[in-house]
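Colleague: I keep hearing about salt bridges, and I'd like to learn how to read them. Could you walk me through a case?

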Amino acid sequence: QVQLVESGGGLVQAGGSLRLSCAASGNIFSINDMGWYRQAPGKQRELVAAITSGGSTNGADSVKGRFTISRDNAKNTVYLQMNSLKPEDTAVYYCNVRIRYGPRNGYWGQGTQVTVSS
């Protein structure tokens, strides 16, 4: 089994910053892709940003230039630095980790609430 523990969410004013962390532990052979998704009330879950084992990244157009994804392979941890936050960034943020020999859709964190006030 693999466990993911997320931290770093909270309430922030528009224009502010937050940093999310997601640490993976358990029966991990090696980690492939790591990513962050979010789901706002009444909306589908969407990809925010992802990073491969080699460090290549991709992300939603809505967050480019504001959010940065990174990872620490020694700590099996993925981060999401969120700057210039907007009210429309308000959502529950979930990390997703895909490991070698693991489920095709990877493992999900429990979610952390990010609320941006105007």
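This is a predicted model: local features need pLDDT of at least 70, side-chain atom pairs count only at pLDDT 80 or more; totals for chains, interfaces and linings use all residues.

Colleague: Which residue does glutamate 46 form a salt bridge with?

Modeller: The general idea is that side chains of opposite charge can pair when their charged atoms come close. Here the partner of glutamate 46 is arginine 38, with the closest N and O atoms 2.7 Å apart.

Colleague: Is arginine 38 buried or exposed?

Modeller: Arginine 38 has 7% relative accessibility, so it counts as buried; the cut-off for that is under 20%.

Colleague: How many salt bridges are there?

Modeller: The count comes to four. One of them joins arginine 66 to aspartate 89, where the closest N and O atoms sit 2.8 Å apart. That pair links distant parts of the chain, 23 residues apart: arginine 66 is in the loop between β6 (57-59) and β7 (67-72), while aspartate 89 is in the loop between β8 (77-82) and β9 (91-99). Arginine 66 and aspartate 89 are both buried.

Colleague: Which residues are linked in a network of salt bridges?

Modeller: Arg38, Glu46, Arg66 and Asp89 are linked that way.

Methods:
Residues are numbered from 1 along each chain as its sequence is written. Side-chain values use heavy atoms; hydrogens and water are left out. A salt bridge is a side-chain nitrogen of Lys or Arg within 4 Å of a carboxyl oxygen of Asp or Glu. Buried means under 20% relative accessible area, exposed over 50%, partly exposed in between (1.4 Å probe, protein chains only). Helices (H or I, at least four residues) and strands (E, at least two) are DSSP runs, numbered from the N terminus.
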